[in-house]
Amino acid sequence: MNLIESVESQYLKSDIPKFGPGDVVKVNTRIREGQKERIQAYEGTVIRRAHSGARATFTVRRVAFGTGSERTFPLHSPNIDSIQVVRYGAVRRAKLYYLRERTGRAARVKERRR
């Protein structure tokens with residue numbers, strides 16, 4: 001296992017902020033369209049973090065115009081330009097799948113006091 005971790009360690013990013021489920025994050029991803037490249041922002045609530053090391057992923061859920069959408073990002077992907085934590089949330093679960101059934105005010109997460 002140490003051999004795998006040592007090979008993967010060179011691909012890990014070091015500029016990732018600390019965040020977890022319940023936090024509202026803004027993920028800027030690089031999108032390639034033909035020869036052009038642009039940055040696309042996706043802002044929403046983190047509903048899960050999974051795995052560790054180079055395989056680490058996180059899922060962000062957002063509701064736009066009454067329609068919910070989720071997107072799973074590889075944490076150490078070179079296509080992720082930056083991750084900004086907009087708001088820290090206070091939750092008592094590691095996976096927030098219950099937010100899928102909730103809408104409006106019921107889908108809000110309390111802000112964590114610092």
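Predicted model: local features only at pLDDT ≥ 70, side-chain atom pairs only at ≥ 80, totals over all residues.

1. Leaving aside its neighbours within four places in sequence, with which residues is His76 in contact? With that exclusion, the residues in contact with His76 are Tyr11, Leu12, Lys13, Ile16, Gly53, Ala54 and Ala56, where contact means heavy atoms within 4.5 Å.

2. Residues are numbered from 1 along each chain as its sequence is written, and side-chain values use heavy atoms, with hydrogens and water left out.

3. The chain has one helix and five strands, and from the N terminus its elements run α-β-β-β-β-β. Helices (H or I, at least four residues) and strands (E, at least two) are DSSP runs, numbered from the N terminus.

4. The five strands form an open sheet in the order E4-E3-E2-E1-E5, with antiparallel pairing. Its edge strands are E4 and E5, each of which pairs on one side only. On average, neighbouring strands of the sheet are turned by 40° against each other, direction ignored. Two strands are taken to pair if DSSP finds at least two bridges between them; for the angle, axes are lines fitted to C-alpha atoms, for helices over the stretch in contact, and angles run from 0 to 180 degrees between N-to-C directions.

5. E1 and E2 are antiparallel and pair over ten bridges; Lys26 has Glu43 in E2 as its bridge partner. E3 and E4, also antiparallel, are joined by eight bridges, and Thr57 has Pro74 in E4 as its bridge partner. E3 and E4 form a hairpin with two residues between them, and Phe65 in the turn has a positive phi of about 55°.

6. The largest nonpolar core has twelve residues: Phe19, Val25, Val27, Tyr42, Val46, Ala56, Phe58, Val60, Phe73, Leu75, Ile80 and Ile83. Strands E1 (24–33), E2 (36–50), E3 (57–64) and E5 each give two or more residues to this core. Such a core is a set of buried Ala, Val, Leu, Ile, Met, Phe, Trp, Tyr and Cys residues joined through side-chain atoms within 4.5 Å. Leaving aside neighbours within four places in sequence, Val60 is in contact with residues including Val25, Val27, Tyr42, Val46 and Phe73.

7. Is His76 buried or exposed? His76 counts as buried because its relative accessible area is 16%; buried means under 20%, exposed over 50%, and partly exposed in between (1.4 Å probe, protein chains only). His76 lies in the loop between strand E4 (67–74) and strand E5 (80–87). The side chain of His76 reaches the backbone nitrogen of Lys13 at 3.0 Å.

8. Ile4 is placed in helix H1 (residues 2–8). Ile4 is partly exposed, with a relative accessible area of 42%. Ile4 and Ala56 are 52 residues apart in sequence and 15 Å apart in space, C-alpha to C-alpha.

9. Some values for the whole chain complete the note. Of its 114 residues, 30% count as buried. Along its principal axes the C-alpha trace spans about 45 × 40 × 25 Å. Among contacts between residues at least 6 apart in sequence, 51% join residues at least 24 apart.

Methods:
Polar contact = N/O pair within 3.5 Å; in protein donor to acceptor, adjacent residues only side chain to side chain.
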